[in-house]
Amino acid sequence: QVQLVESGGRLVQPGGSLRLSCAASGRTLRFHKLAWFRQAPEKEREFVAALWNMDTAYYADSVKGRFNISRDDAGKTIFLQMDTLEPEDTAVYYCAAGLISTTSIRSSRAYSSWGQGTQVTVSS
């Protein structure tokens, strides 16, 4: 019913910037929240940033001040602007969307739709 497709991931040097995009296709549900998660090898999927009610932004402490989450007016594209990238940011980045619920916005369990992921590698 809904497909989320990430793009924009690539190799970048430390201190560089990237903007990831997540495009929705097919029938779009009335999502209450949008988010970005990431997963490094041998690690659990980690919360990065989210938009609650398509307006209020939340960030993991590790990316606060460096990353910015946003969306287009229709809510069909999610963006993650990443600045001053560090090697620790290397991971597969996933976008996600979820309906309204009482589950923490920082929990992967709050999201019902997921993209396939895009690889971000930060290395000199």
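Which residues does Leu80 touch, not counting residues up to four places away in sequence? Leu80 touches Leu18, Arg19, Leu20, Trp36, Val48, Ala49, Phe67, Asn68, Ile69 and Tyr93. Contact means heavy atoms within 4.5 Å.

## Basis

This is a predicted model: local features need pLDDT of at least 70, side-chain atom pairs count only at pLDDT 80 or more, and totals for chains, interfaces and linings use all residues. Residues are numbered from 1 along each chain as its sequence is written, and side-chain values use heavy atoms, with hydrogens and water left out.

## Nonpolar core

The largest nonpolar core holds 38 residues. Among these, Trp36, Leu80, Met82 and Tyr93 touch the most other members. A nonpolar core is a set of buried Ala, Val, Leu, Ile, Met, Phe, Trp, Tyr and Cys residues joined through side-chain atoms within 4.5 Å. Buried means under 20% relative accessible area, exposed over 50%, and partly exposed in between (1.4 Å probe, protein chains only).

Elements that give two or more residues to this core are strand 1 (2–7), strand 3 (18–26), strand 4 (33–39), strand 5 (46–52), strand 7 (67–71), strand 8 (77–82), strand 9 (91–98) and strand 11 (118–122). Strands (E, at least two residues) are DSSP runs, numbered from the N terminus.

## Aromatic cluster

The whole structure has 4 aromatic pairs. Rings of Phe, Tyr and Trp (its six-membered ring) pair if their centres lie within 6.5 Å; planes under 30 degrees apart count as stacked, over 60 as edge-to-face and the rest as tilted. The rings of Phe37 and Tyr111 have centres 5.5 Å apart and planes at 75°, so this pair is edge-to-face. Phe37 lies in strand 4 and Tyr111 in the loop between strand 9 and strand 10, so the pair ties together parts 74 residues apart in sequence. Both Phe37 and Tyr111 are buried.

Phe37 also pairs with Trp114: the ring centres are 5.2 Å apart and the planes are at 55°, so the pair is tilted. Here strand 4 supplies Phe37 and strand 10 supplies Trp114, linking distant parts of the chain, 77 residues apart. How do the two partners stand in burial? Phe37 counts as buried at 1% relative accessibility. Trp114 counts as partly exposed at 27%. Ring pairs link Phe37, Phe47, Tyr111 and Trp114 into a cluster.

## Cavity

Rolling a probe the size of a water molecule over the atoms shows where empty space is left. The structure holds 1 cavity of 30 Å³ or more. The largest cavity has a volume of about 30 Å³. On a 1 Å grid over the protein atoms alone, a cavity is a set of points where a 1.4 Å probe fits but cannot get out; lining residues have an atom within 4 Å of a point. Grid points are joined across faces, edges and corners, and a volume is the space filled by probe spheres set on the points.

Leu4, Cys22, Ala24, Phe31, Leu34, Gly75, Lys76, Thr77 and Ile78 line the largest cavity. Strand 3 and strand 8 each supply at least two of the lining residues. The lining divides into 6 nonpolar, 2 polar and 1 charged. Ala, Val, Leu, Ile, Met, Phe, Trp, Tyr, Cys and Pro count as nonpolar, Asp, Glu, Lys and Arg as charged, and the others, Gly among them, as polar.

## Two serines

Ser113 is found in strand 10 (residues 113–114). Its relative accessible area is 12%, so Ser113 is buried. Ser113 touches Leu4, Phe31, Cys95, Ala96 and Ala97, not counting residues up to four places away in sequence.

Ser7 lies in strand 1. At a relative accessible area of 38%, Ser7 is partly exposed. Ser7 touches Arg19, Leu20, Ser21 and Thr118, again not counting residues up to four places away in sequence. Ser7 and Val120 are 113 residues apart in sequence and 10 Å apart in space, C-alpha to C-alpha.

Note on methods. Helices (H or I, at least four residues) and strands (E, at least two) are DSSP runs, numbered from the N terminus. On a 1 Å grid over the protein atoms alone, a cavity is a set of points where a 1.4 Å probe fits but cannot get out, and a pocket is an open set with protein on both sides within 12 Å along at least five of seven lines; lining residues have an atom within 4 Å of a point.
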